[in-house]
Amino acid sequence: ASFHSKGNGGSIVPVDLPFDPRTDFNDFAFHWTPERLTWYANGRVLREVNRSDVEKYPTTPGKIIVSIWSGTQQIDDWLGPF
């Protein structure tokens, strides 16, 4: 779960899911307010960032980017098997 502020990243925090996402469909969401940014999976909070706790908090409109990586034989060593 990560965010960018003022054109800079650096707030990447890997999050372990409390379930195997390959076994069924899942709901992923986030809630962004002027004071707090919260990431969810199946209604459960995965990460929460309060504006007062970080130096750079996103305050301007941005884009939501979601990516799903699928493996190929060329990158299996890096990505791992599915």
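Biologist: Which strand does Trp32 lie in?
Modeller: The model is predicted: local features need pLDDT of at least 70, side-chain atom pairs need pLDDT 80 or more, and totals for chains, interfaces and linings use all residues. Residues are numbered from 1 along each chain as its sequence is written, and side-chain values use heavy atoms, without hydrogens or water. Strands are DSSP runs of E with at least two residues, helices are runs of H or I with at least four, and both are numbered from the N terminus. On that basis, Trp32 belongs to residues 28-32, which is strand 1.

Biologist: Is Trp32 buried, partly exposed or exposed?
Modeller: Buried means under 20% relative accessible area, exposed means over 50%, and partly exposed lies in between (1.4 Å probe, protein chains only). Trp32 has a relative accessible area of 38%, so the label is partly exposed.

Biologist: Which residues make the nonpolar surface patch of about 440 Å²?
Modeller: Patch members have over 30% relative accessible area and no salt bridge; nonpolar side chains (Val, Leu, Ile, Met, Phe, Trp, Tyr) are joined within 5 Å, like charges within 9 Å. Areas come from the Shrake-Rupley method with a 1.4 Å probe, and for residues only the protein chains shown count as cover. The patch of about 440 Å² is made by Phe30, Trp32, Ile64 and Val66.

Biologist: Which residue stands opposite Phe30 in strand 2?
Modeller: Two strands pair if DSSP finds at least two bridges between them. Strand 1 and strand 2 pair in the antiparallel sense over 5 bridges. They form a hairpin, with 3 residues between the two strands. Across from Phe30, strand 2 places Trp39.

Biologist: What pattern does the chain follow, read along the sequence?
Modeller: The chain has 1 helix and 3 strands. Their order along the sequence gives β-β-β-α.

Biologist: How many salt bridges does the count come to?
Modeller: Side chains of opposite charge can pair when their charged atoms come close. The rule asks for a side-chain nitrogen of Lys or Arg within 4 Å of a carboxyl oxygen of Asp or Glu. One of the pairs is Asp20 with Arg22, with the closest N and O atoms 2.9 Å apart. The count comes to 2.

Biologist: How many residues apart are Glu48 and Arg36?
Modeller: Glu48 and Arg36 meet in a salt bridge at 3.9 Å, N to O. This pair links distant parts of the chain: Glu48 is in strand 3 (residues 44-50), Arg36 is in strand 2 (residues 36-41), and the separation is 12 residues.

Biologist: What relative accessible area does Arg36 have?
Modeller: Glu48 is partly exposed at 44% relative accessibility. Arg36 is partly exposed too, and its value is 40%.

Biologist: What is the angle between the planes of Phe19 and Phe28?
Modeller: Rings of Phe, Tyr and Trp (its six-membered ring) pair if their centres lie within 6.5 Å; planes under 30 degrees apart are stacked, over 60 edge-to-face, and the rest tilted. The count of aromatic pairs is 2. Phe19 and Phe28 form a tilted pair, 6.4 Å centre to centre, with a plane angle of 40°.

Biologist: Which residues is Asp27 in contact with, leaving aside its neighbours within four places in sequence?
Modeller: Asp27 sits in the segment before strand 1. Its C-alpha atom is 5.7 Å from that of Ala41, 14 residues apart along the chain. Contact means heavy atoms within 4.5 Å. Beyond its sequence neighbours, Asp27 touches Tyr40, Ala41 and Asn42.

Biologist: What is the phi of Asn42?
Modeller: Most residues other than glycine have a negative phi. Asn42 lies in the loop between strand 2 and strand 3. Although not a glycine, Asn42 has a positive phi of about 50°.

Biologist: What separates the C-alpha atoms of Ile12 and Ser2?
Modeller: Ile12 is in the segment before strand 1. Leaving aside neighbours within four places, Ile12 is in contact with Ala1 and Ser2. Ile12 and Ser2 are 10 residues apart along the chain, and their C-alpha separation is 4.3 Å.

Biologist: What share of the 82 residues in the chain do buried residues make up?
Modeller: The accessible surface of the chain is about 7100 Å², and 53% of it belongs to carbon and sulfur atoms. Of the 82 residues, the buried share is 15%.
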